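This report is written for someone meeting the structure for the first time. Please look over the sequence and the model before reading on.

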Amino acid sequence: MISCDDELRHWPADEAQARAVQDRLRPHVRLDEAGPEPGFEGTVVGVDVAYDDERDVVAAAAVALDARTRAVVDRATGVGQVSFPYVPGLLAFREIPTVLKALGRLARTPDLVVCDGYGLAHPRRFGLASHLGVLTGLPTIGVAKNPFTFRYAPPGPERGATSPLLDGTEEVGRALRTQQGVKPVFVSVGHRTDLDRACAHTLHLAADYRLPETTRAADALCRRALADA
């Protein structure tokens, strides 16, 4: 059983320690659950962060939407000092402490968390969505704006078209076109979900724009929180 409090008390200070944490926690990722069904009754929460590099301040937002209607039902923020240097592949260590603060201020526990980033689509198969899922025990998915280091063939032009996101021959996620004729997003499993449902949730949440409403709402809120900090 992972203790979130213990992990935060022993937060890594350098790259070697951070990679050791990833190696230790990665086996706890649950890939044997499908996750909530698309259109479920409950809340889906988007999380995102914004930085002020001059002050070393990070602001996180958690915005809860009704999973069926996409209406915002709750929101919370957290602000803190940046706790880890910028290192590609280790960005979760900069974001998670403040994201957890924002999540903890919501009125109810999320049924699904959508991260602006990666889950298994990560060089060490342990991106932000997986890390956050293991620490909280919540079903999580990652929806990213670019393919990171992975390759893909462009999906068809129609809304809902997909293509595998590949590391060699391994499918680590999917490119998903959420709107006709716009760039795809890159969906990966985080924890306690499968890829089919992760894509279905993303498509439902991206009814009008390229990015899911969870990400759009959290992005706007964390920027406001940073400006007010």
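What follows describes a helix, a pair of strand pairings and one arginine.

The model is predicted, with local features needing pLDDT of at least 70, side-chain atom pairs counted only at pLDDT 80 or more, and totals for chains, interfaces and linings using all residues. Residues are numbered from 1 along each chain as its sequence is written, and side-chain values use heavy atoms, leaving out hydrogens and water.

Helix H2 covers residues 15–25, and its buried residues (under 20% relative accessible area, 1.4 Å probe, protein chains only) are Ala18, Val21, Gln22 and Leu25. Viewed down the axis of H2, these buried residues fall within an arc of 100°, so they line one face of the helix. They pack against helices H1 (4–9), H3 (92–104) and H4 (128–136).

Strand E1 (residues 43–52) has eight of its ten residues buried. The table lists its pairings (at least two DSSP bridges between two strands).

| Partner of E1 | Bridges | Direction | A bridge pair |
|---|---|---|---|
| E2 (residues 57–66) | ten | antiparallel | Asp52 and Val57 |

Four residues lie between the strands in the hairpin of E1 and E2, where Asp56 takes a positive phi near 55°.

Arg174 is found in strand E7 (residues 170–176). Arg174 counts as buried because its relative accessibility is 18%. Its side chain makes a polar contact (N or O atoms within 3.5 Å, one able to donate a hydrogen and the other to accept it) of 3.3 Å with that of Glu171.

Methods:
Buried means under 20% relative accessible area, exposed over 50%, partly exposed in between (1.4 Å probe, protein chains only). Helices (H or I, at least four residues) and strands (E, at least two) are DSSP runs, numbered from the N terminus. The arc is that of the directions from the helix axis to the C-beta atoms. Contact means heavy atoms within 4.5 Å.
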